[in-house]
Amino acid sequence: MIHFNDVTKVYNGNVKAIENMNFNVEDGELVIMLGPSGCGKTTLLRMVNQLESITDGDIMLNGKSVKQSNKIEMRRNIGYVIQSNGLFPNMNIEDNAMIVPNLLGWDRKKMRDRFNTLMELVGLNPDQYRKRFPHELSGGQQQRVGVARALAADPPVMLMDEPFGALDPIIRTHLQEEFLQIQKELKKTILFVSHDIDEAVKMADKIALLKGGQMMQFAEPAKMLNKPANSFVAEFVGQDRVLKSMSLYTVKDLATALTLKPVSESLEAQNINENLSLRVAISKLLNQEADQLIVENNNGTNKGSITLDLIEQFLHREIKESV
Amino acid sequence: MGITKKVEVYLGPLQEKFRRCPPISDLIDYFTSNFTFVLGYTWDHIKLVGSAIIIAIVIGVPLGIYCSVNKYAASTILQIASIMMTIPSLALFGIMIPILSLINEGIGTLPAIIALVLYSQLPIIRNTYTAISNVDPDIRDAANGIGLTTFQRLYKVELPNAIPLIMAGVRTATVLNIGVGAIATLIGAGGLGGIIYQGILRNNTTMILAGALSVAVLALIADLFLRLIENLFTPKGVKK
Amino acid sequence: MERTNKIIALIIKLVFWGLLVAFFVWAFTNDMFSTIVEQPDTFFRLLGEHVTIVLLSGAAAVLLAVPLGIFVTRPKFRKSEWLIIGIANLGQTVPSLAVLALAMGFLGIGISAAIVALFVYSLLPIIQNTIAGIDSVDDDMIDAAKGMGLTNSQILWKIELPNALTSIIAGVRTALVINIGTAALAYLVGAGGLGVWIFTGIRLFDNAFLMSGAVPVTLLAILIDYLFKWLQFALVPKGLRLARKAQNS
């Protein structure tokens, strides 16, 4: 869907902000660009909708060069969400959310329906918020409207520049999870900028880690955590990277890869749902609440047990496999 | 009548006026030959505005400080000050003459100074009030926490932090008053407006320009000078 | 404490209104508005001239200054912004009396000199406020608008102008209030207006002429000021008022 071909950005004739960037964002994929501030991730994002010009190379959007596309038309087909939501204080919530459909000339009825659908989707009551103004809403609510606005004309592609960066941690986690649910349903192609490794691990299908305008690694989160390409990546993802990667696997993944142990009568036991992450499992085991966890599926059927040894075994296997 | 002819009819007299516009050399001639005369008017102007500003500070800053502790009084005082600001200067002179005539001071410096003091109140009170209200509540808390009395807190913490903004208010008032002072000449208060007024009476554009230029330059110099003072009075830590 | 504060505020208010009432009582008992009563026709003619000068010059200034302010804030011409702001700042240090006098120098005696002078003088605050209003629009908001595919003119009409409206109206308000005062000086260039009576009063030491000229001019200025204060409230989108309230609290 989005192809970066040798994309280079040079400022003032000699400052290289982006150097020969090559990677693809496939249909329905959520790719997070990650890196320290000044690494060029936002610049790269803004080059896709041509808010920044491309010095060299090109970005292909659905097979079409963004350089040659009509900027205005192209931007209307890309959802755009920024950190400070950028809602217009002079317009009410409905006018804010429906600004692109309005520009596209949708009729009133269609816009109203779309607004209702979108607000339900982002978890706000449409009638309660329709006539309110941005400053009457909390930061979290504003950002939900920001997401709704970006989705308004049902664009296939979305660009998100640290959309949850300005929110406090609890609300951020909440919105991340809700957004993942929305994404599961809508399957948009999303390019997302973040500086938060945890956010990236949690949400991304692939992570592009940048530094000084260069790609350090482009990989699935698990691979980046288990097999960092170089010392910068290792440092950036953190020394607890293996623990972080545990949140990417479910108990079920382990059960599929390895044979579960039979339940031992001599060990203290607790139950765990197979859809929970291995991180939860480890936490439970380390907490000394139990020495083994009895795995059960949603129907409560007992499928065997896991212990710390088994998780370690699984981990080694995964790390080796991702080589 | 053709368009060009029309344009000529309309613009002809105008062009002549432009031709009559005195070249810069006339202006320089005027300044060199009337140097002491202009200087005297300038000094009168400075005295008028300067004394008004000093009185305005003595009244306005305490009022502004009081506003910061009484928000009800603040809105009333600021409203009154902004109404004062709205009164046109010539009208204000016109109203004050009959009143001050009661004490035989209808024409001259007194009504001029009173008018300038009134006009200065809004910028000075408002800036003092905003500056002191805007002192970081944490700083105020800390001051209370280490046991400063209200007066000590005002003197040692709030005023030093507020000085740049208060001075900015004084600067606004001064520049404004230098302009208004030019009108005060019409009620016999002297100052640079006199040169402009005489220029009007004699239909002498050079004099009008010379007067206007002097007032503008005086305003710019005052602005610059007060910025300098503002800088000197601003505690190092408060500077950006 | 709260109570005392309220009482003190009330006392200040009462003293102010009391003085105002005392002034009018004194003025009436001394027949200071007798000129208006004796020459109502002249009064309305002078008032008409005064208002004409103010409104014509003000309207012309709005028509030129707002587009000019918009023009210099367009990305292509942003480089000229400092120049215009500089001229507006410098221009305001030239006394209104001089602007009038100079206009007379070019256009001769009469109402057109006054209108042109006031027009030029009111350009400055309106341009200043238009530029300041547009500049104060949050960059992120413009960025979001661009990113969603609004054209430059849509950004101007839907985002920049509505958000700059308060500031623009404030500029017009300042300009008109100054204009009413300057129009009182229009007598000096032979353009009439209520200043005629004020100057006559000064020359003849006649309190009735002074008050009959000065008080209506003052009331006119205060009236226009309040009218525009109300307009600022009424014309500005509700969301912006909320935004401003949120910022101030």
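Here are some questions and answers about this predicted model, its chains and a few of its helices.

Q: How many helices does chain B have?
A: Let's begin with the overall make-up of chain B. Its elements, read from the N terminus on, run α-α-α-α-α-α-α-α-α-α. Chain B has zero strands, and its number of helices is 10.

Q: What percentage of the residues of chain B count as buried?
A: A residue is buried if 20 or more other C-beta atoms lie within 10 Å of its own. Chain B has 240 residues, and the part of them that counts as buried is 41%.

Q: What share of the contacts in chain B with a separation of 6 or more comes from residues 24 or more positions apart?
A: Two residues are in contact if their C-beta atoms lie within 7 Å. Among the contacts in chain B with a separation of 6 or more, residues 24 or more positions apart account for 76%.

Q: Which chains share the most contacts?
A: Two pairs of chains are in contact. Chain A and chain B are joined by no contact, and their closest C-alpha atoms lie 22 Å apart. The pair that shares the most contacts is chains B and C.

Q: Which element gives the most to the side of chain C that touches chain B?
A: The contact takes 37 residues from chain B and 38 residues from chain C. On the side of chain C, the elements giving two or more residues are α1, α5, α8, α9 and α10 of chain C. With 11 residues, the one that gives the most is α10(C).

Q: How many nonpolar residues does the side of chain C that touches chain B have?
A: Sort that side by class and you find three charged and nine polar residues. The number of nonpolar residues there is 26.

Q: Why does the span of helix α5 of chain B agree with what it should be?
A: Helix α5 of chain B covers residues 89-101, which makes 13 residues. At 1.5 Å a residue, the helix should span 18 Å. The span agrees because the end C-alpha atoms are apart by 18 Å.

Q: Which residue just after α9(B) takes a positive phi?
A: Look just past the end of this helix. The phi there is about 50°, and the residue that takes it is B:N203.

Q: Is C:G171 buried or exposed?
A: C:G171 is found in helix α8 of chain C. Leaving aside neighbours within four places in sequence, C:G171 is in contact with C:P125, C:I126, C:Q128, C:N129 and C:T130. Because 29 other C-beta atoms lie within 10 Å, C:G171 is buried.

Q: What distance separates the centres of domain 1 and domain 2 of chain C?
A: The domain assignment gives domain 1 as 1-30 and domain 2 as 32-248. Taken over C-alpha atoms, the centres of these two domains of chain C are separated by 31 Å.

Note on methods
Residues are numbered from 1 along each chain as its sequence is written. Chains are lettered from A and ligands numbered from 1 in the order in which they are written. This is a predicted model: local features need pLDDT of at least 70, side-chain atom pairs count only at pLDDT 80 or more; totals for chains, interfaces and linings use all residues. Helices (H or I, at least four residues) and strands (E, at least two) are DSSP runs, numbered from the N terminus. A residue is buried if 20 or more other C-beta atoms lie within 10 Å of its own, exposed if 12 or fewer, and partly exposed in between; C-beta atoms are placed from the backbone. Ala, Val, Leu, Ile, Met, Phe, Trp, Tyr, Cys and Pro count as nonpolar, Asp, Glu, Lys and Arg as charged, and the others, Gly among them, as polar. Domain bounds come from an automatic or database domain assignment. The expected span of a helix is 1.5 Å times one less than its number of residues.
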